[in-house]
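Colleague: Can you walk me through this model? I will ask as we go.

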Amino acid sequence: MTRRIVSLVGAAALTVSVAVYAQNVVKIGQIEAQTGTLATYGWMGHQGALLAVDEINRAGGFRVGSKTYKLELISPDTRANPQEALIQLKQLLEQQKVRYVFGPFLTNVFNGIEPYATQNNGKFLMLGGATAIHAMLGKPNHDYLIRTWNWDAGASGFGQLLVDYLKKQGAQKTAMLFQNDAFGKVAVDIYSPIFKQAGIDLKIELFEPGTKDFSAPLAKLSAGQTDFLFPGYTDAVLYDIVRQATEGGLFKRFFLVRGSMAPGQKNQDLIDDYIAYLPKYFEEAEKKEPKVKAFITAYKAFYKQDFPYDQAPLCSSSCYDHVYMLVDAMKRAGTVDDVAKVKKQLLSMTYNGLWNIRFDSTGEAVFDFDVLHMRKGRAISVTRINPK
Amino acid sequence: MWQLIVGQLLNGAIVGTLYGIVALGVTLTFGITGIVNFALGVFMMLGAYAAWYFADTVGLPYPLAVLTAVVVTSFAGLVADQALFRFTRNNLVNGLLVSIGMIAVMESSALLIWTSTPKEMHHVLPGVFAFFGLVVPKMKLVVFGLLLAVIFATYAALTKTWSGRAAYAYAQNAEAAALMGVPTSRLQTGVVAYSTGLAGLAGALYASLYSLEPTLGSLFILKAVEAAILAGIGSVAGALLGGIILGVTEGVGSIYLPLAFRDAYGLVFLVVILLFKPSGLFAGRR
């Protein structure tokens, strides 16, 4: 009998402790592509978020009201597949009872999960960088959305500012060579009016996903006497496009709004101008910004590997800073469950981390970024821009 | 305009030889083992990464890196044959299932080892040849020459040597060939290893022209199978010509038609050919 009472008391204590543990953990879901050709846009987000979660938990968690919470990151790999992402989102919301979801960065993935996510409006917050999120912000039943990346167009849009910069370089005709997929088409819709407004002719060619040999479109585009090539949008194609364009002497001037500097640097001897939008040029920022230096040191210690300078700029979306922002917002809101209150706090704050991040009234991020210009002779000039 | 068209004819032929050499592997494997080995694409990927690794990480001279990559892929093909493919001889469905499984395993392994970040080999032979307004990268011409040499050497070996004739005999009538003393098991294993070696060579040469990612073989194996069907399965010279026709169709088609549907041009061409010649353009010829 005594044994039975002891085991019952033990079981009850265990149940209570499990319940307490469960109550004191805030789960963050993350739906990003971590593998595959489009993983460039999800891999770093995962790396940065995981590092922030580890730092916060090792520091003892965070207090909201009288309770101390720890974070748990659940991050399945979407492999850029909308169907897989939809199943993963359902599991996160219905089984894991997650209230905060980071990602997606990819437009095709967002388009695939959007109807289901909208059905769950009010139950969770989605902090994603996908370009397609922009069009949904402020629409009825889309209160769950916060976009974590700078928007291309508009007075303070980075694309607008970059095209203005391009105009100052004397651009008159530009050739846009993008992938024929969801984002490629959105990019054409965004940039066609921006170029038109700037008075720069824009020739557009879309190529099939998986293309490796760009000889035909490059020859075709260069025959039109274009001065700048505007290729996109991942390094997986940029390496080939930049190499083939420069090797054949077809283009020497490049303009990028997505992708890294690496393809340009690899072919720098044959390039006159390589202008790129980069959320942060970590190689330079490491020398000047203590927070960036600390982040790089923490990354190396945590992952025990070299810092990925080429991928790190993509930590500007749903990544390291955003975990800290979310924690701050929960503290200020005094709740970890009421997503409306947490969103209100997120939209009212300016976070000074790796980036200076704030959100506009629609819930879209505005943060400082770099414009890099590599000129002939390999000199790189960095212009820091703080959008209004 | 003529420079653009002639340039794309030439470029299409060069890219087409890459399709052609993998198609040669497809046609040889099918003729001798009775399966369509879709895993040849991942052997090409393995060859590409191996060449990149030996050239850029280990520091071997590029020609030596290519040879090492071919040896590595041939050995991997031999292991795959002995562990898996030999149980699927002349069973199209089982062979297909095993090759699809191998694609999943090898692509995932490549992702784990080399990640999805593209790898680009140092520029082995930079610069271009310019003549009559045409501009062709030097390395592309070298790759073209090498692939043509290997395909013609394979053709010569198949028609002029005892082993080659034995392979043809086996493809035509397996039982009769066995009764005539052809060592069928060794022949099959040898052909699988040779085919994977060809795919490895294609990958190693591809690495000198394009950036690498773990899924690079998927596109090429589809094109190679298209080329083999276009030519007619079993024709060695046809595999090369099928690849070149496909490459040229894509290249020239991209000038006049939207690039976004480039892969479709080759497929439309294939459908048209098969409507009039269901066994392929060069079926029945060696």
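**Domains of chain A, then chain B**

Modeller: The C-alpha centres of domain 1 of chain A and domain 2 of chain A lie 33 Å apart, with domain bounds from an automatic or database domain assignment. This is a predicted model: local features need pLDDT of at least 70, side-chain atom pairs count only at pLDDT 80 or more, and totals for chains, interfaces and linings use all residues. Residues are numbered from 1 along each chain as its sequence is written, while chains are lettered from A and ligands numbered from 1 in the order in which they are written.

Colleague: Which residues make up domain 1 and domain 2 of chain A?

Modeller: Domain 1 is 2-150 + 287-354, and domain 2 is 158-278 + 370-385.

Colleague: And how many residues does the contact take from each domain of chain A?

Modeller: Eleven from domain 1 and eleven from domain 2; contact means C-beta atoms, placed from the backbone, within 7 Å.

Colleague: On the domain 1 side, which element gives the largest share?

Modeller: Helix α4 (residues 107-119) of chain A, with three residues. Helices here are DSSP runs (H or I, at least four residues), strands likewise (E, at least two), numbered from the N terminus.

Colleague: Switching to chain B: how many helices and strands?

Modeller: Chain B has eleven helices and two strands, in the order α-α-α-α-β-β-α-α-α-α-α-α-α.

Colleague: What does the C-alpha trace of chain B span?

Modeller: About 60 × 50 × 35 Å along its principal axes.

Colleague: How much of chain B is buried?

Modeller: 52% of its 286 residues, where buried means 20 or more other C-beta atoms, placed from the backbone, within 10 Å of the residue's own.

Technical notes. Two residues are in contact if their C-beta atoms, placed from the backbone, lie within 7 Å. A residue is buried if 20 or more other C-beta atoms lie within 10 Å of its own, exposed if 12 or fewer, and partly exposed in between; C-beta atoms are placed from the backbone.
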